[in-house]
Amino acid sequence: MAIDLSAKIPNNVDLDRDPKLRRALEAWQPKYVEWWKEVGPVGFQTADVYLRTAVDVGAQGWANFDYVKMPEYRWGIFLARPEPDRTIGFGDVADEPAWQEVPGEHRAALRRLIVTQADTEPASVEQQRRLGALAPSLYDLRNLFQVNVEEGRHLWAMVYLLHRYFGRDGRDEGDELLARRAGSPDKPRMLTTFNDPVEDWLDFFMFTMFTDRDGKFQLLSLAESGFDPLARSCQFMLTEEAHHLFVGETGIDRIVQRSAEITRLDSNGDAFRHGAIDLPVIQRYLNLWFSSCLDLFGGEVSSNAATYFAAGLKGRPHEEKYVDHVERDDIRTLHLPGDSERLVAKEVPARLAINEDARDSYIRDCERAVARWNKTIRNAGLSFELSLPHRRFHRMIGEYAGHYFNPDGELITSAEYRLRADDWLPSPSDRAKVRGLQTRAITRPGQFASWIAPPLRGIDGRPVDFEYVRFD
Ligand code: BYC
Ligand code: FE
Ligand code: FE
């Protein structure tokens, strides 16, 4: 199933056979490009960037690598291949056939899930728009833009579902997705983290490590959906997502490597003095982004999540790994703030605590990455260790919001918290020091900023000093 890259909207959904739908999407396309030019990457719009474009959905050769100018990128619509006679894998509808159309009684809930997923994609592009001017290398600049265009394609994937399955309402939602803005006081994006500023490249790597990783686990949950077109869209998005996570995890690893090497050489352990980032500052950025992203899994006790699960709309990441796919009578014990400012164990029906299952998987995956960074630090001959803060630390959503916890997860007073906040989260002075190292883009092929080690290898088998971005 090779895709025609010259088509106005490359796709594997037979758009040509549905002229009404095609016209609706072709009417949305110029609005999308206008949005890209207005709030997408600042500058670099006429540069030739070595990017991959999705052209197929097979395990082999789904992407085509070539130089393209970003506004001319072919944002296409691709669904993973259908699984014949697929059945739903969880909830009260377990083992029933998956739906090819939207069931009337779940229309509102499905629309909301799809719009929420969709909203994060353009938000991230808006948040990252100013980073090009501070890029540590051409390799990294290209990776930033690769992530940006693919988040744009993820928006396309969701807007296709809205146009195809939700009629007039869906088209209105498609327009609204281009009207909200990350961080806007009047028309903000829907979820917390997607309104937070991404000011420097340490933020960027934390974002692709932690926020895109929330994307991975939410997409895995939606890939289980009984609504088959949504499941298949998300399955294919996950193929692209792997690279975003690679950018984040290896980006932090490369920063940590440089920081550890420099820290070891300085008699006071001061990395900033030599053009690298202090490890405790990296820990504080990590605390900020990890805790913010834990909020993206929703509340610990959630009737929304219970409803989505029972109805077969949204499962858990890798649902097949769970023993019980129905969770009708199970309970889960959570430690929640009680009346007298103490944590108390509470038994909660498992369905109400479904968000915790996804959060658990996410935390385990993050722990694996932290162990890898710590190995890098050890290999540089240093004993410093990075760690994830406790899941209760610095939460704005769910049962722990409105209470204060230290990074070990112990309940503390607001006064204690305020006293220690600068030890735990990036201070204005931390941010100023990071920005002090990132004042201009490094654009000579093979050259890297002082605060980050080069990657082990380049992209698509190209050398590290390949000209990943060409300027005119
Ligand atoms: N911010 O029952 P609750 C990605 C609201 S990232 C603001 O506890 P629920 C990407 C909630 O809407 C993946 N509001 O939680 C990454 C509800 O409002 P109502 C994006 C929040 O509903 C990088 C109330 O609080 N995909 O792809 O189970 C770059 C109670 O909610 C938040 C998805 O999110 C929050 N953090 O969970 C690019 C998947 N949390 O009903 C892309 C679709 C909760 O009182 N979304 N609320 O008005 C969902 O499945 C759910 O909406 C959530 C929330 C898991 C996010
Ligand atoms: Fe995405
Ligand atoms: Fe992503």
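The part to be examined is helix 5, and the answer then turns to ligand 1 and the rest of the chain.

Reply: The structure is a predicted model, in which local features need pLDDT of at least 70 and side-chain atom pairs count only at pLDDT 80 or more, whereas totals for chains, interfaces and linings use all residues. Residues are numbered from 1 along each chain as its sequence is written, while chains are lettered from A and ligands numbered from 1 in the order in which they are written.

Helix 5 covers residues 201–222, which is 22 residues. Here helices are DSSP runs of H or I with at least four residues, strands are runs of E with at least two, and both are numbered from the N terminus. From its first C-alpha to its last, helix 5 reaches 30 Å, close to the 32 Å expected. The expected span is 1.5 Å times one less than the number of residues. Helix 5 also has a kink of about 35 degrees, centred on Phe207; the bend at a residue is the angle between axes fitted to the seven residues ending there and the seven starting there.

Because 21 of its 22 residues are buried, helix 5 is largely enclosed by the rest of the structure. A residue is buried if 20 or more other C-beta atoms lie within 10 Å of its own, exposed if 12 or fewer, and partly exposed in between, with C-beta atoms placed from the backbone.

Ligand 1 has 25 residues around it, and those that come nearest are Gly215, Gly298, Gly299, Ser302 and Asn304. A residue is near a molecule or strand if its C-beta atom, placed from the backbone, lies within 6 Å of it. Helix 5 is one of the elements that give two or more residues to this shell, together with helix 2 (107–127) and helix 8 (303–311). Helix 2 gives the most, with six residues. By class, the shell has six nonpolar, 13 polar and six charged residues. In this scheme Ala, Val, Leu, Ile, Met, Phe, Trp, Tyr, Cys and Pro count as nonpolar, Asp, Glu, Lys and Arg as charged, and the others, Gly among them, as polar.

His244 is found in helix 6 (residues 228–265), and it counts as buried because 24 other C-beta atoms lie within 10 Å. Leaving aside residues up to four places away in sequence, His244 touches Val147, Thr208 and Asp212; two residues are in contact if their C-beta atoms, placed from the backbone, lie within 7 Å. His244 and Gln146 are 98 residues apart along the chain, yet their C-alpha atoms are separated by 8.4 Å.

Glu356 has its place in helix 9 and is buried, because it has 23 C-beta neighbours inside 10 Å. With residues up to four places away in sequence not counted, Glu356 touches Glu300 and Arg332. The C-alpha atoms of Glu356 and Val301 are 8.3 Å apart in space, although 55 residues separate the pair in sequence.

Tyr139 lies in helix 3 and counts as buried because it has 26 C-beta neighbours inside 10 Å. Residues up to four places away in sequence aside, Tyr139 touches Pro455, Gly458, Val464 and Tyr468. Helix 3 (138–165) is also a packing partner of helix 1, whose buried residues pack against helix 3 and helix 4 (167–177). These buried residues of helix 1 are Ala24, Leu25, Trp28 and Trp36.

Two loop residues deserve a remark about the backbone. Asp95, in the loop between strand 2 (63–68) and helix 2, has a positive phi of about 75 degrees although it is not a glycine. Asp95 counts as exposed because it has 10 C-beta neighbours inside 10 Å. His394, in the loop between helix 9 (354–379) and strand 5 (404–405), likewise has a positive phi, near 55 degrees. His394, however, is buried, with 23 other C-beta atoms within 10 Å.

Finally, the chain as a whole has eleven helices and seven strands. Buried residues make up 46% of its 472 residues. Among contacts between residues at least 6 apart in sequence, 69% join residues at least 24 apart.
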